Amino acid sequence: MMKLSTETYPLDLTSGFEGAVTTLKEIGFDCYDLSIFNLNKEGDPFGGADYRERAVALRKTAERVGIFCNQSHGPYPYHKPHNPKWNEEIFGWCVRALEITSLVGGKTCILHPFHDWTAQENAMRIYLPLQPYCKKYGVRIALENMWGRESNTGKAIPAVCGTAQSFLEHLSLLDPEWFVACLDIGHAEMVGEETSAAQLILALGDRLKALHVHDNDLKNDLHIQPYGGQIDWEPIYAALRKVRYGGEFTFEADSFVHKFPQELRYDATVMLLKIGRYMIERIEEGKPL
């Protein structure tokens, strides 16, 4: 059966990473997505000089309770106009994200392409310089489909990797051993008039190795629980079956959990687990409604 995963965020805000993975195992998740997208921001546990020790300790805790890291999410964006300090430091932080992912036992680190760069620019400025570190740490990088907005209407539109053509163009420039696709279902459905999540799944085929699963109103990036928004999941289930998707089923529905008072976040995460088990059953067995 497909493994079920979710982010450590926002549980790690109150209980730390070790507390978060312990809680996720207690609830019933098979694995976890390590939220290290803020590691380059002040106060992050992995931002200090002892990040290796912290990563090793996290892995030991996870192994003790019986849960593993299937993927992580590294820092973003890769480039900030008018912020030379950020741009100078981000490469090093991405390298650290790869190392941390390796130390906790993860196999994939999601690193966004930059919205305003071409496939060639993203390859030359982000991914190819990072490839030696992928090899060093044994961690592959997953590119993610991005979105933007029309300046005059505010309508959501595809950005880099937001269409099948763009995503495949990016991947064609990169070694498939070290660079794969993470499909963000919510992002794809926001721009569904041009390309849907199901269309992207079918186009990506065996390059698709990771998912970000969440729902929205088809207009805004809400990151809420599936069946809480307007996404039609049936074509997505069918597409995942057709390509024989073999990765994990990973939620990125952090806004759903985070909106609850701290005392209710455990219960909200339990609800996510139940939704995830149902969705996996639908994908694997084609169970009718």
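This is a predicted model: local features need pLDDT of at least 70, side-chain atom pairs count only at pLDDT 80 or more; totals for chains, interfaces and linings use all residues.

Q: What angle does H3 make with E4?
A: About 145°.

Q: And the sheet itself, what's the strand order?
A: E9-E8-E5-E4-E3-E2-E1-E10. It is an open sheet of eight strands, and the pairing is parallel.

Q: Which strands are at the edges?
A: Strand E9 (208–212) and E10. Each of them pairs on one side only.

Q: How many bridges join E1 to E2?
A: Three, and the two strands run parallel. E2 covers residues 31–35. One partner pair is Ser 5 with Cys 31, the latter in E2.

Q: Which strands does H1 touch there?
A: E1 and E2. H1 packs on the sheet, and its direction makes about 160° with that of E2.

Q: Now E8. Is that strand mostly covered or mostly open?
A: Mostly covered. E8 spans residues 179–184, and six of its six residues are buried.

Q: Which residues sit on which side?
A: Phe 179, Ala 181 and Leu 183 are on one side. Val 180, Cys 182 and Asp 184 are on the other. Both faces are covered.

Q: How many bridges pair E5 with E8?
A: Four, in the parallel sense. Ala 142 stands opposite Val 180 of E8.

Q: And between E8 and E9, how many?
A: Four there, and the pairing is parallel. Asp 184 stands opposite His 212 in E9.

Q: Which of its residues are buried?
A: Among them are Ala 268, Thr 269, Leu 272, Leu 273, Ile 275 and Gly 276. Two arginines, Arg 265 and Arg 282, are on the buried list as well.

Q: What do the buried residues of H10 pack against?
A: Strand E1 (4–7), helix H1 (11–27), helix H8 (234–242), strand E10 (249–250) and helix H9 (254–258).

Q: OK, rings. How many aromatic pairs are there?
A: A search of the whole structure finds 11. One of them is Phe 17 with Phe 46, a tilted pair at 5.0 Å centre to centre, with 40° between the planes.

Q: Where do those two Phe residues lie?
A: Phe 17 lies in helix H1, and Phe 46 is in the loop between E2 and helix H2 (51–65). So the pair ties together parts that are 29 residues apart in sequence. Phe 17 and Phe 46 are both buried.

Q: And Tyr 227 with Trp 233, how far apart are the ring centres?
A: 6.5 Å. The planes are at 45°, so that pair is tilted.

Q: Buried or exposed, those two?
A: Trp 233 is buried, with a relative accessible area of 2%. Tyr 227 is partly exposed, at 44%.

Q: Which residues form an aromatic cluster?
A: Tyr 9, Phe 37 and Tyr 76 form one.

Q: Last one: what lies over the face of Trp 86?
A: Lys 80, at 3.7 Å from the ring centre.

Terms used: Residues are numbered from 1 along each chain as its sequence is written. Side-chain values use heavy atoms; hydrogens and water are left out. Buried means under 20% relative accessible area, exposed over 50%, partly exposed in between (1.4 Å probe, protein chains only). Contact means heavy atoms within 4.5 Å. Two strands pair if DSSP finds at least two bridges between them. Axes are lines fitted to C-alpha atoms, for helices over the stretch in contact, and angles run from 0 to 180 degrees between N-to-C directions. Rings of Phe, Tyr and Trp (its six-membered ring) pair if their centres lie within 6.5 Å; planes under 30 degrees apart count as stacked, over 60 as edge-to-face and the rest as tilted. A charge sits over a ring if NZ of Lys or CZ of Arg is within 6 Å of the ring centre and within 35 degrees of the ring normal.
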